[in-house]
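Open your viewer, get the sequence panel ready, and keep the selection tool at hand. We'll go stop by stop, selecting something each time and looking at what is there.

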Amino acid sequence: MVKKMRWLSAALVVLLLVSTLAACSGASDTEKAEEPNESSEATNNKTEGEREQQKTGPSWSWDTSPVTLDWYIDYDWAAYTWDAKNRMMNKLVTEKTGVTVNVITPAAGGSEKLNAMIAGGTLPDIVTLWWASPQFKLMVQGGLVYSINELSEKYAPELMTILPKSMIETHKFPDGNLYGIVSFFWAPEEMDPEKNYWETNAGILARQDIMDQLGITRNDFSTQEGAINALKKVKDSDIKYQGVKVEPMTFGAEGMDAVDLTLPAFFGVPMEDEQGNYIDQRLHPKYLEVVKFANRLYREGLVSKEVFTSQRQQIEEKIKSGSVFSFLGNVGDYQGPMYDLYKLDKKAKFVTVEPIRSNDGSDPVRIESGIGWNTTCVTKQSKHPDRAIRFLEFLYSEEGDLIQSYGIEGETYKVNADGTIELMPELLQLQLENPEEFDNKYGFGGFGWLVDYVRVQKRTKPVTETDKLKQDWYKDMSKIVYHTTLFEKLGPDPGTDASNKLTQIDEYWRKQVAQMMVAESEAECERIYNETIQQMNKMGMQDIIKIRNENFQKNKQAAGVKYAWPTYNE
């Protein structure tokens with residue numbers, strides 16, 4: 001969401017550039033892959049018979065001669081120095097594959113660096129970015145990245161067999177090709193009902209110690225009036241923690257997660273109407289109830305005005321200091337300071353409470369597609385496409401994953417009878433007491449760009465008290481999750497007029513919803529909401545909805561269902 005307008009102009013330039021590059025190249029993936037630069041002189045000097053003879057076992061073991069792969073990761077916080085001399089994980093991976101990774105990241109937020117590399121023809125071997133990033137689609141359309149399936153067929157034949165079929169089907173492009181390996185993809189066919197559960201970050205948490213002190217229960221939050229009364233108890237009690245007055249509630253920075261993520265899920269605001277048409281939740285009548293409730297929390301002094309102008313770090317500091325009773329929003333973004341507080345004071349524990357429901361009493365519904373986070377692709381400017389795709393196969397494989405996450409069985413980790421995995425006690429102690437030293441010495445879990453989270457969830461055993469706390473939260477929050485991918489990939493396509501309209505609409509919405517939440521009265525909040533929806537329609541919102549509904553109907557037709565929203569299927 002940051003710097004959307006700045007990106008837009010860059011994206012249009014990139015679209016023209018990649019179109020030009022595609023026209024100039026005139027070669028298919030297969031043609032491009034036919035003549036890659038060989039990865040090492042050692043491989044070049046071998047006869048064809050010797051090469052074929054060594055092609056046993058996984059592809060990444062066929063050539064382990066030293067090679068450096070440049071890997072761009074499109075996040076400024078992802079800076080990483082590969083240290084195969086001092087960091088055990090890096091050493092093990094390099095020994096297994098011969099690969100050293102040179103990580104490249106942008107200097108600041110946004111994708112300006114990636115745009116510049118695309119425009120300048122300086123893409124590295126591997127690129128990782130959000131799977132729905134406009135730049136990813138533009139690179140594919142411009143012929144700047146290899147298809148994973150064709151590279152796999154030529155160089156890494158096992159790769160496509162270990163990728164989940166649902167990932168391939170979900171993320172393949174209209175030409176039938178898969179262009180990136182997606183991390184944190186939840187493959188339904190791999191889920192074990194005894195070990196896996198769908199996760200969501202949409203939640204509400206409250207301090208158990210203060211609840212006990214004031215006689216507040218989890219169920220008090222199940223209605224809007226109950227939640228308001230519980231928060232008023234905190235406000236009226238003038239309760240303090242370590243000398244600082246405790247605020248009844250906070251949202252995430254600027255409050256957007258509360259009104260765009262969590263409350264719509266709690267109130268069951270639908271994304272499909274009774275005729276089976278797609279709905280933008282913001283335009284549904286129940287969404288007015290969402291913003292009215294958020295505004296009421298503000299007007300009654302239960303959420304401070306500073307929340308709507310605060311940065312994330314400021315909110316985190318409040319939570320960590322113990323001066324907040326409850327949190328409503330994206331739990332994943334703010335769990336860290338909650339753990340920090342709990343480590344310092346075991347009584348100051350955040351627990352899940354009942355979701356706040358809409359006035360019509362409908363059940364909470366949080367749509368989670370499990371469609372993934374980042375995608376990792378091999379560019380056609382790679383000097384070593386063979387080694388790059390084989391390296392990705394290693395990282396995604398179970399063997400590679402275990403080495404990255406835990407190291408060597410019996411030396412750095414053990415496997416329990418139930419299949420869960422634990423670091424050896426001395427490593428776990430170091431990780432807890434000195435995480436920086438642990439990362440520098442071992443580095444396990446520190447380079448997770450090809451994570452299969454279903455696999456992770458199956459093998460993870462909560463060891464620390466904070467691990468157990470997190471598992472309790474997410475298992476409880478999973479009760480409102482409904483899994484479907486039918487609301488994904490609805491468009492509009494990047495670089496189009498409709499995409500331009502949507503960018504402008506979303507920016508306008510963010511400004512207006514902030515005004516709704518701090519309106520001086522309920523009537524004022526409703527007036528701003530109605531005027532905002534009218535303006536969004538003038539800006540072309542109905543054109544966006546039409547595009548999305550057409551794609552939504554195609555998704556449902558392909559799945560053979562009439563409805564996607566769960567309450568219509570009961």
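Start by colouring two domains, whose bounds come from an automatic or database domain assignment. Domain 1 takes in 59-193, 371-407 and 444-451, while domain 2 takes in 202-365 and 466-484. Their centres, taken over C-alpha atoms, are separated by 36 Å.

Some ground rules before you click on. What you see is a predicted model, where local features need pLDDT of at least 70 and side-chain atom pairs count only at pLDDT 80 or more, while totals for chains, interfaces and linings use all residues. Residues are numbered from 1 along each chain as its sequence is written, and side-chain values use heavy atoms, with hydrogens and water left out.

**Stop 1: the sheet**

Helix and strand names follow DSSP runs (helices are H or I, at least four residues; strands are E, at least two), numbered from the N terminus. Switch to cartoon view and find five strands in the order β2-β1-β3-β12-β4, forming an open sheet with mixed pairing. Two strands count as paired if DSSP finds at least two bridges between them.

Which strands stand at the edges? They are β2 (99-104) and β4 (181-182); each has a single partner strand, so one side of each is left without a neighbour in the sheet.

Now select residues 374-378, which make up β12. Two bridges join β12 to β4, and these strands run antiparallel. Pick out I181 and you'll find T376 as its bridge partner in β12.

Next, show helix α17, residues 385-396. Helix α17 packs on the sheet and touches β1 (67-73), β2, β3 (126-130), β4 and β12. Contact here means heavy atoms within 4.5 Å. The direction of α17 makes about 70° with that of β1. For that angle, axes are lines fitted to C-alpha atoms, for helices over the stretch in contact, and angles run from 0 to 180 degrees between N-to-C directions.

**Stop 2: a helix with two sides**

Select α19, residues 425-433, and show its side chains. L427, L428 and L430 are buried, whereas P425 and E433, on the other side of α19, are exposed. (Buried is under 20% relative accessible area, exposed is over 50%, and partly exposed is in between, using a 1.4 Å probe and protein chains only.)

Look down the axis of α19: its buried residues fall within an arc of 160°, so they line one face of the helix. The arc is that of the directions from the helix axis to the C-beta atoms. What do these buried residues pack against? Their partners are β14 (421-423) and α20 (435-441).

**Stop 3: charged pairs**

A search of the whole structure finds 37 salt bridges. Each is a side-chain nitrogen of Lys or Arg within 4 Å of a carboxyl oxygen of Asp or Glu.

Select R87 and D439, whose closest N and O atoms are 3.8 Å apart in a salt bridge. R87 counts as buried at 8% relative accessibility, and D439 as partly exposed at 28%.

Then go to R548 and D280, a salt bridge with its closest N and O atoms 3.9 Å apart. R548 sits in helix α25 (residues 541-559), and D280 in the loop between α13 (256-266) and α14 (285-299), 268 residues apart. Buried or exposed: what is D280? D280 is buried, with a relative accessible area of 4%, and R548 counts as buried at 16%.

To see a network of salt bridges, select R218, E354, R357, D476 and K479 together.

**Stop 4**

Most residues other than glycine have a negative phi, and most peptide bonds are trans. Zoom in on G491 and P492: a cis peptide bond joins them, with omega about 5°. P492 is in the loop between β15 (481-483) and α23 (497-517).

K489 is partly exposed, with a relative accessible area of 37%.

Finish at F184, another non-glycine with a positive phi, near 55°. You'll find F184 in the loop between β4 and β5 (202-207), partly exposed at a relative accessible area of 26%.
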